[in-house]
Amino acid sequence: MRRERRPIVVVGGGVAGLVTAHAAAPAPVRLLCRAHDGSGSASALAQGGIAAAIEPHDSTAAHAGDTIEAGARHNDATAVQWLTGEAPGTIAWLQQQGVRFDRGVDDSLQLGREGGHGAARIVHAGGDATGAALVRALRARVQSSAHVQWRGGVDVDALLLRDGAVVGVRTCDERGRRQHMEAAAVVLATGGIGALFAHTSNPVGADGAGLALGLASGAASRDLEFMQFHPTALDVHGHCLPLITEALRGAGARLLDAAGQPLMRGLHPLGDLAPRDVVARRVWQMQREGGKVWLDATA
Ligand SMILES: Cc1cc2nc3c(=O)[nH]c(=O)nc-3n(C[C@H](O)[C@H](O)[C@H](O)COP(=O)(O)OP(=O)(O)OC[C@H]3O[C@@H](n4cnc5c(N)ncnc54)[C@H](O)[C@@H]3O)c2cc1C
């Protein structure tokens, strides 16, 4: 049998692309991304942390239950069970890859609380620099792996098709030079589409390029209506707004209206820590009515 020599092409240097490249071993991988240093991804900006039921009084069943509630019971239950069940092991795996999560004085992992969670179960690294720590460790791991060839500074601007199947990608480098690259398989790990909105906490590169490439090549799409709106960002001028981590509300910060009244009073049993869509909708409603929303973190 002829040995398959074409690489798997992974497009994207965020967490999804890095983990896919790692998992593909020993198959040869070519990882392509726009930045040379892994910047420009949402992954590098992620703040508050990662949810996992690792506290002794917590359980993956409770985590799954909270997730189903936060999803207004609209979730794919099998996916929720898998995700919450895998989370503690994934935290352990990330630590093996070199991610150093923040620890308390007793050396146990520090756990924060965020919206929709009934327990403190968010691990974080470097305070609110969790994503940067993850990307740093995973990138070092991937770049030192013999099966991965890393190429930054390229934009994938087309998928190559033969007989209706994807057989590679077309890249465009910083000088505008185009190149065709054959692939055994192509993985589009190109992140989200948040930058298409008037205001966003996403990087400008979250422009939906991967989604557009897939759709243009006839890929089926699913669940595109699910868009996460983070409830709190700093209200500055410009397209990209600095996100204010939900961990602040987890540690006691309150959402107030201009009169100093609690914004979430009577709206949800979890109050300021209601699921993100509930809080984001309330903030949006207040702004539509011409009101201001404040986050009081003095406590
Ligand atoms: C400010 C902020 C805070 C967040 N905080 C948290 C948090 O606390 N906890 C949490 O779980 N999640 C958080 N998130 C969400 C989380 O960061 C994302 O869900 C996750 O990082 C997505 O990873 P990804 O690899 O799919 O995409 P990304 O990390 O966005 O990576 C996409 C990659 O694809 C590349 N790319 C895109 N198009 C092309 C192209 N055409 N050619 C070549 N390369 C291309 C980009 O350059 C980038 O390298 C946060 C997001 C933001 C923006």
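These legends walk you through several close-up views of one predicted protein model. Residues are numbered from 1 along each chain as its sequence is written, and side-chain values use heavy atoms, with hydrogens and water left out. Because the model is predicted, local features need pLDDT of at least 70 and side-chain atom pairs count only at pLDDT 80 or more, while totals for chains, interfaces and linings use all residues.

**View 1. The domain assignment divides the protein into domain 1, domain 2 and domain 3.** Domain 1 is made of two stretches, 8–42 + 139–216. Domain 2 covers 50–123, and domain 3 covers 247–296. These bounds come from an automatic or database domain assignment. Taken over C-alpha atoms, the centres of domain 1 and domain 3 are 37 Å apart.

**View 2. Helix H4 runs through residues 130–143.** Helices (H or I, at least four residues) and strands (E, at least two) are DSSP runs, numbered from the N terminus. The 14 residues of H4 should span 20 Å at 1.5 Å a residue, and the end C-alpha atoms are 20 Å apart, which agrees. That expected span is 1.5 Å times one less than the number of residues in the helix. Which residues of H4 are buried? They are Thr130, Gly131, Ala133, Leu134, Val135, Ala137, Leu138 and Val142. Here, buried means under 20% relative accessible area, exposed means over 50%, and partly exposed lies in between (1.4 Å probe, protein chains only). The cover over these buried residues includes helix H1 (15–23), helix H3 (77–96) and strand E2 (29–32). Strands E3 (50–51), E5 (122–123) and E6 (148–151) are also included in that cover.

**View 3. Ala137 is a residue of helix H4.** Ala137 counts as buried, at 12% relative accessibility. What does Ala137 touch, not counting residues up to four places away in sequence? It touches Gln97, Gly98 and Val99, where contact means heavy atoms within 4.5 Å. Ala137 and Gln97 are 40 residues apart in sequence, and 6.5 Å apart in space from C-alpha to C-alpha.

**View 4. Leu31 sits in strand E2.** With a relative accessible area of 0%, Leu31 is buried. Leaving aside its neighbours within four places in sequence, Leu31 has contacts that include Val10, Gly12, Gly13, Gly17, Leu18 and Ala21. Val142, Val148, Gln149, Trp150 and Arg151 are also in contact with Leu31. Look for Gly12: Leu31 and Gly12 are 19 residues apart in sequence and 7.0 Å apart in space, C-alpha to C-alpha.

**View 5. The second largest pocket holds about 150 Å³ of space.** Of the 14 residues that line this pocket, the closest to its centre are Gly112, His124, Thr245, Ala247 and Leu248. A pocket is found on a 1 Å grid over the protein atoms alone, as an open set of points with protein on both sides within 12 Å along at least five of seven lines; lining residues have an atom within 4 Å of a point. Grid points are joined across faces, edges and corners, and the volume is the space filled by probe spheres set on the points. Helix H6 (residues 247–250) gives the largest share of the lining, three residues. Domain 2 and domain 3 each supply at least three lining residues.

**View 6. Arg249 belongs to helix H6.** Is Arg249 buried or exposed? At 4% relative accessibility, Arg249 counts as buried. Neighbours within four places in sequence aside, Arg249 is in contact with Pro231, Thr232, Leu255, Asp272, Leu273, Val279 and Leu295.

View 7. Ala72 is in the loop between helix H2 (60–70) and H3. Arg73 lies in the loop between H2 and H3 and has a positive phi of about 60°, although it is not a glycine. Arg73 is exposed too, with a relative accessible area of 61%.

Key:
1 Å grid on protein atoms, 1.4 Å probe; cavity = no way out; pocket = protein on both sides within 12 Å on 5 of 7 lines; lining within 4 Å.
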